[in-house]
Every structure is written in C-alpha cells, then in structure tokens.
Amino acid sequence: MHTVLTRGNATVAYTLSVLACLTFSCFLSTVFLDYRTDANIKTVRVLVKNVPDYGASREKHDLGFVTFDLQTNLTGVFNWNVKQLFLYLTAEYQTPANQLNQVVLWDKIILRGENAVLDFKNMNTKYYFWDDGNGLKDNRNVSLYLSWNIIPNAGLLPSVQATGKHLFKFPTDYATSSI
C-alpha cells in the first residue's frame with residue numbers, strides 16, 4: 001500500500017506532465033503562422049546637424065532628426081498565444097567607415113486588447129539618431145524598417161520585420177539652427 005506522500009507525489013507529477021504536454025501543444029499550434037504584415041512609413045521632415053558628442057568625445061558627429069508617418073494594422077498578428085508586441089522602428093544605412101549601421105529610432109509596446117491599428121502622423125523619433133562620424137550628411141541609402149518582437153504565452157520569441165520599408169536621403173548641407 002502506498003503512503004499519502006507517494007500518492008500526492010504521483011498526482012503532482014502526472015498533473016505537471018499533462019500541463020507540459022498541453023503547453024507544448026499550444027506552442028505547436030502557432031509556431032508556423034506568418035506574422036508579417038504591411039507597414040506604410042513616410043518621412044515628413046529630415047535634417048542633419050554636426051554637433052559635438054560629449055558622451056564619447058568632444059569630436060563633432062552627425063545627429064539626424066527625422067519626423068515620420070506610420071500606418072499599419074497589426075490586429076492580424078494577435079492570436080490567443082500572443083500576449084504583447086514590442087514594436088521598433090529601425091534606420092539602416094551604409095557609410096564608408098561601416099558596412100552596416102542600424103539605429104533604433106522609436107519603439108512602442110502593444111498589449112493584447114489594445115488598439116493595434118496604428119496611424120501616426122508627424123511623429124518625432126524617441127531616441128537620438130547619432131552617427132559615429134560624419135556619415136549622415138548627403139547619405140542617400142537610409143532605410144526605415146518597422147519590426148516587432150512577439151511575446152507569446154508559450155513558445156519562441158520571434159522577431160518579425162514588416163513587408164514595407166521607406167528609403168530617404170539626408171540633405172547635403174547641415175542645418176544651421178541651434179539644438
């Protein structure tokens with residue numbers, strides 16, 4: 001005859017095994033879904049200034065200012081296994097010093113149940129757009145991408161990039177107004 005502790009241990013072990021199988025089944029039901037959607041990004045105002053970077057050195061570096069419009073509908077991304085989305089807007093460009101530069105300019109967290117239809121006009125960037133030199137002035141290959149990380153209830157944490165992107169260029173002269 002088994003003791004109360006032995007029967008309790010068997011019950012808890014069986015319950016945890018069933019819960020682990022159910023969690024894995026929940027993960028499998030959404031792992032192969034396509035979470036991409038289209039995003040419409042446009043720049044409204046773009047300028048670049050050459051200012052001293054007091055955080056690293058006293059050398060002058062390029063500081064970009066971007067105002068953008070963003071329209072996208074992320075309601076199709078949400079399902080029962082998505083708790084929240086961490087959205088971020090990334091600028092990607094190339095300079096003679098660096099083959100690939102990526103700078104996060106803006107981010108937002110959208111929880112399940114919140115409005116997932118974004119229609120932002122004249123948004124300023126949330127973070128500084130610093131270059132580690134003077135690679136922004138007259139740069140013609142700056143791309144804006146909207147990406148997001150999916151925070152699920154169970155499973156992997158996928159990083160997804162929207163299907164739309166926006167190319168723009170910085171002006172050939174520096175802005176003369178003060179910061």
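Here is a quick tour of this chain, from its overall layout down to its aromatic rings.

Keep in mind that the model is predicted. The protein chain has 1 helix and 8 strands, and the order along the sequence is α-β-β-β-β-β-β-β-β. The radius of gyration is 23 Å, well over the 16 Å that the globule rule gives for 179 residues, so the chain is more spread out than a compact globule. Along the principal axes, the C-alpha atoms fill a box of roughly 85 × 35 × 25 Å.

A few whole-chain values are handy to have side by side:

| Property of the protein chain | Value |
|---|---|
| Share of the 179 residues that count as buried | 36% |
| Share of contacts (separation of 6 or more) made by residues 24 or more positions apart | 71% |
| Distance between the mean positions of the 16 positive and 14 negative charges | 6 Å |

Now for the rings. The structure holds 7 aromatic pairs. One of them joins W106 and F120, edge-to-face, with 5.7 Å centre to centre and 70° between the planes. What does this pair tie together? W106 lies in strand β4 (residues 101-111) and F120 in strand β5 (residues 117-124), so the pair links parts that are 14 residues apart in sequence. W106 also counts as buried, because its relative accessibility is 5% and the cut-off for buried is under 20%.

Elsewhere on the aromatic list, Y93, F129, F168 and F170 form one cluster.

Terms used
Residues numbered from 1 in each chain as written. Predicted model: local features only at pLDDT ≥ 70, side-chain atom pairs only at ≥ 80, totals over all residues. Heavy atoms only, no water. Phe/Tyr/Trp six-rings, centres within 6.5 Å; stacked < 30°, edge-to-face > 60°. Helix = DSSP H or I, 4+ residues; strand = E, 2+ residues; numbered from the N terminus. Buried < 20%, exposed > 50% of the residue type's maximum accessible area, 1.4 Å probe, protein only. Rg over C-alpha atoms; globule rule 2.2 N^0.38 Å. Contact = heavy atoms within 4.5 Å. Lys, Arg positive; Asp, Glu negative; His and termini not counted. Charge placed at Lys NZ, Arg CZ, Asp CG, Glu CD.
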